[in-house]
Amino acid sequence: MVPLCSISIFTFGFLLLFLGSSSAEFAVDGKVLELDESNFEAAISTFDYMFVDFYAPWCGHCKRLSPELDKASVDLAVLKQPVVIAKVDADKYSRLASKYEIDGFPTLKIFMHGVPTDYYGPRKADLLVRFLKKFVAPDVSVLNSDSAISEFIEEAGKNFPIFIGFGLNESVISHLAVKYKKSAWFSVAKDFSDKTMELYDFDKVPALVALHLSYNEQSIFYGPFEEKFLEDYIKQSLLPLVLPITQDTLKSLKDDKRKIVLTIVEDEDDERSKGLVKLLKAAASVNRDLVFAFVGFKQWQDFAESFEVSKKIKLPKMIVWDGDVEYFSVIGSDSVEDEDQGSQITRFLKGYREGSVIQKHIISDDYKAFRNSMFLIGALILVLVVILVSMMMQSVKEEPSREQVDHSGSSTSLSEAREALRSGDKEDKID
């Protein structure tokens, strides 16, 4: 009989050997890790921050992304708080794909202390590095000089809104900074000059300044600084006053529960459209319970057509959209005329708030499939009729072939836009 102490010593030694080999398997050396079902959980528990690319070998988008990840991995490895990049062949390791709800390729996730968060940011190496640095930065940065403020803003870049609390205690916004960390940069400025107050256009403290560098916008909140009011301001300031609708910006609406005042213009680059957007900004500033957005028919025709807009419809047109399948037209405000557009916007909003609306729905849950395949329905019915007739005549039956319709080259419509709000774009879907 083997003594118990010998078994214990043997077991302890085995555990040391296992743990040692496990930790030695992973290194922060600037190389992308290749993970599988045998070591994935160990990897996410080893590193505080890990960026994972769930890919498929046959996916063209994945192949183009791969060299960008190789470049970014080098820079991310030398951060004070490194971010490790890893890859998983989710087509091969289907249990991992199922566990983390991978429904297309590539799917990108950030694991922070083992907890996954979907990543919808840029994919070019330099932008990816800047984006991921945010996730390892302090929840609230403390700035003690004018130069520190400038450096913080430059380092933050233009991908996220920036909040700076002038004369605010860090504890006032720390809880909300943690809650909205993935959506914005947060800081408090302890020491600053009159010149900085003039630069950011506030005249008293405490003040919370929100910056949208991409849109050249800023707003100021003077309180009250109770959490409810503070959170309302932060949530409303995560988006610019008027959001241009693209496939990328739609993702930023994912967690916003407000209704969307959507203005459809003929061409968003036209000077008349730019003038209208300025008027929409003025309206948005006093109607913060709504999201204001615009899209050009020329820029995204499929999306615009989802709201009964065609080349024959007079534009601009305003509707209120719930971000899903429901939208409202305001009675008597079907389009925006060229004259006195400010008053027309006011009248539209008044009509909406008074309930003078017509409620409408996107007809199909998969609107793109509905719109793009109408001509196929007739063909399908014809095929079915032929089959039935053939069966009745007891002729030789020939099973019709099923062809996969390739939509990869078509424009994105509302159903795909709605899917972007729910789970982000997946360029290559799993069949």
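**Close-up views of a predicted model**

At 10% relative accessibility, Q344 counts as buried.

View 1. Q344 belongs to helix α13, which covers residues 341-353. Follow its side chain and you will find the backbone nitrogen of E337 at 2.7 Å. The side chain of Q344 also reaches a backbone oxygen, that of E339, at 2.6 Å. Q344 is classed as buried because its relative accessibility of 10% falls under the 20% limit.

View 2. How accessible are the two partners? K228 is exposed, with a relative accessible area of 57%, while D232 is partly exposed at 26%.

View 3. Now look at E271 and K274, whose side chains meet in a salt bridge of 3.7 Å, N to O. The two residues lie 3 apart in helix α11 (residues 271-285), so about one helical turn lies between them. E271 counts as exposed, with 59% relative accessibility, and K274 as partly exposed, with 39%.

**View 4. D256 paired with R258.** Side chains of opposite charge can pair when their charged atoms come close. In this view, D256 and R258 form a salt bridge in which the closest N and O atoms are 2.8 Å apart. Is R258 buried or exposed? R258 counts as buried, with a relative accessibility of 15%.

**View 5. A negative patch on the surface.** Our last stop brings together D194, E198, D201 and D203, which form a negative surface patch. One of these residues, E198, is found in helix α8, spanning residues 194-199. E198 has a relative accessible area of 67%, and it is called exposed because that value is over the 50% limit.

Note on methods
Residues are numbered from 1 along each chain as its sequence is written. This is a predicted model: local features need pLDDT of at least 70, side-chain atom pairs count only at pLDDT 80 or more; totals for chains, interfaces and linings use all residues. Side-chain values use heavy atoms; hydrogens and water are left out. Patches are made of residues with over 30% relative accessible area and no salt bridge: like charges are joined within 9 Å, nonpolar side chains (Val, Leu, Ile, Met, Phe, Trp, Tyr) within 5 Å. Accessible areas come from the Shrake-Rupley method with a 1.4 Å probe; for residues, only the protein chains shown count as cover. A salt bridge is a side-chain nitrogen of Lys or Arg within 4 Å of a carboxyl oxygen of Asp or Glu. Lys and Arg count as positive and Asp and Glu as negative; His and the chain ends are not counted. The place of a charge is taken as NZ of Lys, CZ of Arg, CG of Asp or CD of Glu. Helices (H or I, at least four residues) and strands (E, at least two) are DSSP runs, numbered from the N terminus. Buried means under 20% relative accessible area, exposed over 50%, partly exposed in between (1.4 Å probe, protein chains only). A polar contact is a pair of N or O atoms within 3.5 Å; within protein, one must be able to donate a hydrogen and the other to accept it, and residues adjacent in sequence count only if both atoms are side-chain atoms.
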